Amino acid sequence: MAANEFPEISTVPPERGTPKSWRLRLVGVWFVVTLGVAAYAIVKPSTTAADLVFLPSPVVSWLDAQFDFRTFVMTMAVCLIPACLLGAAAWDAVRRQMLAAALALLVGLEFLQLWIPSRRFSLADVGYTFAAVVIVESLVLLGRWTGGLALGATPNHDDSDSITQPGRWTVVEKSLFASVCVVLILAQLAYILLAE
């Protein structure tokens, strides 16, 4: 195989029992654990994160200070790793179904707070949940677009002819663009968190 040739990519998700089915098992275990912790955190009577004994004290203090924003953090924790594991184009339908299921469950749990006397329902929490799921999907697509999130899939083209085709971006240009975007997003997030 020449240096500029890539093997063909299968566009069909692997069936059970194939070598790549470990992704689905890992995603399933991740969801059971993280959604279980999220359900407990959302419906428990107290609003402090100190009830989550596995969290270090500085993290608990930060989460308690952020209050509504911690819903965004929780949704990112639930969705980001499975979405990255299923980031290849062959897994698009599975990943989006998984994100939709997580979104429905987390928003449903937020509405459940209407009937818990010591908790309060918040539209901000619902908004943060939707925002986190949209950002997770956007990060996966951005990662795949830049070539940084191949996850078992390789591009079917050679970027060496990008000079002759001005409409195509090289992997380096895409990576640079993605890095600038990530830095700007983190700078805005830091500004918001430090402004409080």
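A residue is called buried when its relative accessible area is under 20%, exposed when that area is over 50%, and partly exposed in between. Lys44 has a relative accessible area of 5%, so Lys44 is buried. Please bear in mind that this is a predicted model.

Let me turn to the overall fold. The chain has six helices and zero strands, and from the N terminus on its elements run α-α-α-α-α-α. Of the 196 residues in the chain, buried residues make up 33%.

I return now to Lys44 and its partner. Lys44 forms a salt bridge with Asp51, and the closest N and O atoms of the two are 3.4 Å apart. Is Asp51 buried or partly exposed? With a relative accessibility of 31%, Asp51 counts as partly exposed, whereas Lys44, as stated, is buried.

How many salt bridges are there under the 4 Å rule? The count comes to six.

Asp64 has a relative accessible area of 28%, so Asp64 is partly exposed. Arg70, at 15%, is buried.

Asp92 and Arg95 are both in helix H4, residues 92-112, and stand three residues apart, about one turn of the helix. Their salt bridge brings the closest N and O atoms to 2.8 Å. Asp92 is buried, and Arg95 is buried as well. These two residues also belong to a network of salt bridges that links Asp92, Arg95, Arg96, Glu137 and Arg144.

The volume of the largest pocket is about 620 Å³. Its lining consists of 30 residues, and those that lie nearest its centre are Ala41, Leu52, Leu63, Arg70 and Met74. Which elements give two or more residues to this lining? They are H1, H2 and H3. H1 gives the most, with seven residues.

Next, the aromatic side chains. Ring pairs are counted when the centres lie within 6.5 Å, and by this rule the count comes to five aromatic pairs. In one of them, the rings of Trp62 and Phe69 have centres 6.1 Å apart and planes at 85°; the angle is over 60 degrees, so the pair is edge-to-face. The rings of Phe69 and Phe72 have centres 5.2 Å apart and planes at 20°; that angle is under 30 degrees, so this pair is stacked.

Trp62, with a relative accessible area of 33%, is partly exposed. Taken together, ring pairs link Trp62, Phe69, Phe72 and Tyr128 into a cluster.

Not every phenylalanine here is buried. Phe54 has a relative accessibility of 57% and counts as exposed. Phe54 lies in the loop between helix H1, residues 22-43, and helix H2, residues 57-66. Together with Val29, Val32, Val33, Val37 and Val53, Phe54 makes a nonpolar surface patch of about 610 Å².

Ser118 is placed in the loop between H4 and helix H5, residues 123-146. With a relative accessibility of 44%, Ser118 counts as partly exposed. How far apart are Ser118 and Ser46 in sequence and in space? They are 72 residues apart in sequence, and their C-alpha atoms are 6.8 Å apart in space.

That concludes the presentation, and I thank you for your attention.

Technical notes. Residues are numbered from 1 along each chain as its sequence is written. This is a predicted model: local features need pLDDT of at least 70, side-chain atom pairs count only at pLDDT 80 or more; totals for chains, interfaces and linings use all residues. Side-chain values use heavy atoms; hydrogens and water are left out. Rings of Phe, Tyr and Trp (its six-membered ring) pair if their centres lie within 6.5 Å; planes under 30 degrees apart count as stacked, over 60 as edge-to-face and the rest as tilted. Buried means under 20% relative accessible area, exposed over 50%, partly exposed in between (1.4 Å probe, protein chains only). Patches are made of residues with over 30% relative accessible area and no salt bridge: like charges are joined within 9 Å, nonpolar side chains (Val, Leu, Ile, Met, Phe, Trp, Tyr) within 5 Å. Accessible areas come from the Shrake-Rupley method with a 1.4 Å probe; for residues, only the protein chains shown count as cover. A salt bridge is a side-chain nitrogen of Lys or Arg within 4 Å of a carboxyl oxygen of Asp or Glu. Helices (H or I, at least four residues) and strands (E, at least two) are DSSP runs, numbered from the N terminus. On a 1 Å grid over the protein atoms alone, a cavity is a set of points where a 1.4 Å probe fits but cannot get out, and a pocket is an open set with protein on both sides within 12 Å along at least five of seven lines; lining residues have an atom within 4 Å of a point. Grid points are joined across faces, edges and corners, and a volume is the space filled by probe spheres set on the points.
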